[in-house]
Amino acid sequence: MKREQKAESKVKICIKRDDVKVITDDVDVTPLKLKPIPKYQVKKSKKDKASLERTSQLSTVDGSMFSPFASRTFFHTQSRLSQIAYAATSATPSFGSVIKFSNSDLEDVIDTGSLKFLDEEKSTRKESRGGGYAERAVKHPKMPVKANIILQETPVFYIFDMVSETAEKDTDEGAQVIKDNERYEYMTIGKGRNRKMTHSETQTTSNLLKNRATLAQQERRANNYAFASKWDMFDTFTKGIPDVPKKPKSIRVAPSAPGFQHYLQELDNQMTELLQMPKFQNSLIVMERILANNVYNKEQKRFRGLLAQDPFRPDVQFKYSLDLLWTFKNKTTNGHPITSMHWNPRNHDILAVGYGKFHYTDQKDGFVYCWNIKNPTQPERQYFFIKPVTAVAFSVYNPNRLAVGLYDGTVNVLDISTKNVQILYKTGKTWCPSQEPVWQLAWLPPDDFHPALEYLVCVTNDGLVCRLKSDKTNELLPTPLMRTIQAEGPIPGIFKLKHYSTIDVSIYNNPSPLLITKYEANKDMYYIATDEGTVHKCSRNHINQHLSILNAHDGPVYACQFSPFCQSIFLTCGADWCTNIWAEDVTEPLITLTENMEAVEDAAWNPANSTVIASISGKDIFLWDIQRRVYSPASVHQSPTNCRNTVVQFTNSGRNLIVGDVEGNVHVFSLEDMPFPPFYQEKMLAASIKKALMTRNEIVHELSKAGVLEFEE
């Protein structure tokens, strides 16, 4: 009894439904269910079945007995055995039953120091060694000999992500950002903030609809067949042709017969009528193209760039060579100098060439040929004039219109869409602006006051710059824009030697403007170069005066062209043997290109490479690359006919070069072994100019300050 009282003070086991709780000193110390103990396998002995029932009868504080459970599961932890309690769950619990354990197993579950059992339990523990009451089937897992560790990449997670708010200026994203910024400034700061908005409501009228149905009559069908012979097909073919009166059969007549001459004249009239038919003329043009393709098939493919050299070949060399493809000429062009050339802005296969005279004392007529690269042997359009042709220019908005300037000051606008000569507009005798030669023509874009009209501007030898406008008739009405004036006093630009001058009466008080150049950055601005060597910056908004003047050459200026990649850089060439590269608002030439002591007749930028320039001087053709060197050309070539060159132009693709001479030949060259065009053309041009200005830091500083070019540090 003393032992039982001591056990009662230490451990108190209570059963509530299916759970067993352990309470010590009125404190619930029941452990959590962590890991089940494997079930015990009970082996019954037939001989000592009664002794198995007597083993280990666990008594409670009040002496009552636990009922046995059908299935038992024990939980344990690795803390001290004195704090371990067990819980048993059963599907069918009942009071008054006996829980059967072996004493060896009970020692593993309950501390013997905490619970004192009766003396009978000790005897039962001794008997359990020889009996098979309850044996645990515990199998501990073996430690593996080899362990595989698999490392896997975790999913990527972003700690911080900030989208860039800037874009490259020369890319599509940069252009879109600039457009959005301009739109934002227009809506917030500009005129767009003064917009008026009103809220209004409207209601659409409901349409009354009706449903109608109809029944179509059934068509009768029948199967039939027929045999068609050659005579049936011939009768069917000739059924729709109107009856033509049959001509009398031709009779072979001797040449001395009286009706033979009349017969020949009738044949000539029929042939003339056939040649004047537009359909027959177009058929002849197509046939000539097909025949020419048999001869110039390979050259035409090279002109198109279909047979370009492999850029990844191992023997790449930059030789800047010119390969002659063909020459536009025929019997009528011999001895007629090339005065002007212009590519069609819509169809890049058509080239308009003006033929006139080169020397003042020559007495020649003029004509305009429209050549096509599909037929290098014969022109597809021919227009003849009494006076020599001095300038030709295609319209940008109406590519079928070709403006032609003549030596007597007349300007004609032709329609080249038809084979016959069709003059749309011309300057009349009463409204002719001048009787002097028209040196150049230019189609200027429309202004804000007349957005649908394209202006035709001409410059004449007497210093007049006028705009030609068409009225309801076919005459062009001139409107003077300005007259060039003689340069007086100090003029910014190159240094000119003072020439010895006698007291003479000049025929013209105004210098002669030789050319006019459009300024692409501002449609209202244009440049005029004169025979005094000056370049005038003019505007359509300031009539009869120029904005600025520049001394470009010590002699007449023969060419002025802006770079296709930088609108603030332009080149000029003149009679002082030089080709100068200028920047806007900079009074000194950036680069001067010179090779021989002859006048530079013409120069042009390459539209595919920002640093390549072509120029002609005498019989030579020069190719310059300012990226590599500026003191000498990259290559020098001579005219195939050994004649003096007059005009040079690149094609729109930049793969070919067109050169005209004084004998009426238009040579078409293919550029071979050229350097690869840079990806950022403007940056390469700026870097090349900065390299050439290595010893002239003041000009580099002036360019950077003016913002003309962006130099990289």
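Reader: Why is Phe 570 called buried?
Author: Its relative accessible area is 3%. Buried means under 20%, exposed means over 50%, and partly exposed lies in between (1.4 Å probe, protein chains only). So 3% puts Phe 570 in the buried class.

Reader: What kind of model is this, and how are its residues numbered?
Author: This is a predicted model, in which local features need pLDDT of at least 70, side-chain atom pairs count only at pLDDT 80 or more, and totals for chains, interfaces and linings use all residues. Residues are numbered from 1 along each chain as its sequence is written, and side-chain values use heavy atoms, with hydrogens and water left out.

Reader: How many aromatic pairs does the structure hold?
Author: It holds 19. One of them joins Phe 367 and Tyr 369.

Reader: What makes the pair of Phe 367 and Tyr 369 tilted?
Author: The centres are 4.8 Å apart and the planes make 40°. Rings of Phe, Tyr and Trp (its six-membered ring) pair if their centres lie within 6.5 Å; planes under 30 degrees apart are stacked, over 60 edge-to-face, and the rest tilted. The angle of 40° therefore falls in the tilted class.

Reader: Why is the pair of Tyr 527 and Phe 570 called tilted?
Author: Here the centres are 5.6 Å apart and the planes stand at 45°, so this pair is tilted.

Reader: Which parts does that pair tie together?
Author: Tyr 527 lies in strand 22 (residues 525–530), and Phe 570 in strand 26 (residues 569–574). The parts are 43 residues apart in sequence. Strands are DSSP runs of E of at least two residues, helices are runs of H or I of at least four, and both are numbered from the N terminus.

Reader: How do you know that Lys 683 lies over the face of Tyr 680?
Author: The distance to the ring centre is 4.6 Å. A charge sits over a ring if NZ of Lys or CZ of Arg is within 6 Å of the ring centre and within 35 degrees of the ring normal. Lys 357 also has its charged end over a ring, that of Tyr 360, 5.6 Å from its centre.

Reader: Is Ile 485 buried, partly exposed or exposed?
Author: Ile 485 has 44% relative accessibility, so it counts as partly exposed. It is found in the loop between strand 20 (476–483) and strand 21 (513–518).

Reader: What makes Thr 534 count as buried?
Author: Its relative accessibility is 2%. Thr 534 is in strand 23 (residues 534–539).

Reader: How do you know that the side chains of Thr 534 and Thr 530 make a polar contact?
Author: The distance is 2.7 Å. A polar contact is a pair of N or O atoms within 3.5 Å; within protein, one must be able to donate a hydrogen and the other to accept it, and residues adjacent in sequence count only if both atoms are side-chain atoms. Another polar contact, of 3.2 Å, joins the side chains of Thr 534 and His 536.

Reader: What is the order of the open sheet of four strands?
Author: The order is 8-35-34-33, with antiparallel pairing.

Reader: Why do strand 8 and strand 33 stand at the edges?
Author: Strand 8 (321–328) and strand 33 (645–650) each have a single partner strand, so one side of each is left without a neighbour in the sheet.

Reader: How do you know that strand 8 and strand 35 pair?
Author: Seven bridges link strand 8 to strand 35 (residues 666–672) in the antiparallel sense. Two strands pair if DSSP finds at least two bridges between them.
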